[in-house]
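I opened my notebook for a short tour of this model. Here is what I looked up, in the order I went.

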Amino acid sequence: MKVLFVSRANVGRSQVAEAFYNDLSKKHSSTSAGTETNENGMPLGILRGAKEIIACMKNEHGLDVTNKNVKLLQMRMLEDADIVIAMGDGEEIFPDYLRKFSKVIYWQVGDFKDKPYQETCFAIEEIKLKIQELVNAHG
């Protein structure tokens with residue numbers, strides 16, 4: 001099974017979800033993408049808004065996302081995925097093509113890009129719990 005995690009910019013939520021899923025699932029794989037990213041192809045390590053995300057993932061969870069590249073969502077990615085998880089804070093409007101896709105599951109997850117370390121780590125822990133539930137359900 002292939003899981004696609006989608007958020008607006010592919011800097012925080014979806015990158016964190018991808019890292020946890022690929023670490024915790026022994027049978028399946030995942031990737032991530034953003035619907036509106038201006039940093040397509042850039043590694044997280046050079047993005048100012050990702051500093052606390054990278055630090056928390058390394059310090060608290062032992063996962064290094066420094067060299068993960070930001071990806072812009074492509075239709076091919078949606079077609080290749082078995083499950084698509086779109087993460088937003090309820091105020092985000094996802095593109096029509098994503099909202100109409102039948103295999104999309106929505107998770108209410110606030111954006112923590114540019115937030116202080118503790119707030120970032122709290123949000124990351126929430127994502128980890130959701131990922132653990134997903135892995136327990138699907139392997």
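This is a predicted model: local features need pLDDT of at least 70, side-chain atom pairs count only at pLDDT 80 or more; totals for chains, interfaces and linings use all residues.

**Cavity check**

I then asked for the volume of the largest cavity, and got about 50 Å³.

Which residues line the largest cavity? I listed Ser-7, Arg-8, Ala-9, Asn-10, Val-11, Gly-12 and Arg-13, together with Asp-111 and Lys-113. Sorting that lining by class gave me four charged, three polar and two nonpolar residues.

**Helix 2 against helix 5**

Next I turned to a helix pair. Helix 2 spans residues 51-61 and helix 5 spans residues 117-138. I noted a packing angle of about 65° between them, with the axes 9 Å apart.

Is the crossing of helix 2 and helix 5 left-handed or right-handed? I have it down as right-handed.

On the helix 2 side, I wrote down Glu-52, Ile-53, Ala-55, Cys-56, Met-57, Asn-59, Glu-60 and His-61 as making the contact. Helix 5 brings Tyr-117, Thr-120, Cys-121, Ile-124, Glu-125 and Lys-128 to it. By class, I recorded seven nonpolar, four charged and three polar residues in this contact.

**A look at Asp-80**

My last stop was Asp-80, which I located in helix 3 (residues 75-80).

Why does Asp-80 count as partly exposed? Its relative accessibility is 48%, and the partly exposed class lies between under 20% for buried and over 50% for exposed.

I also checked Asp-80 against Lys-27: the two are 53 residues apart in sequence, and their C-alpha atoms are 17 Å apart in space.

Key. Residues are numbered from 1 along each chain as its sequence is written. Side-chain values use heavy atoms; hydrogens and water are left out. Axes are lines fitted to C-alpha atoms, for helices over the stretch in contact, and angles run from 0 to 180 degrees between N-to-C directions. Helices (H or I, at least four residues) and strands (E, at least two) are DSSP runs, numbered from the N terminus. A crossing is left-handed if the near helix is turned anticlockwise from the far one by less than a right angle, and right-handed if clockwise. Contact means heavy atoms within 4.5 Å. Ala, Val, Leu, Ile, Met, Phe, Trp, Tyr, Cys and Pro count as nonpolar, Asp, Glu, Lys and Arg as charged, and the others, Gly among them, as polar. On a 1 Å grid over the protein atoms alone, a cavity is a set of points where a 1.4 Å probe fits but cannot get out, and a pocket is an open set with protein on both sides within 12 Å along at least five of seven lines; lining residues have an atom within 4 Å of a point. Grid points are joined across faces, edges and corners, and a volume is the space filled by probe spheres set on the points. Buried means under 20% relative accessible area, exposed over 50%, partly exposed in between (1.4 Å probe, protein chains only).
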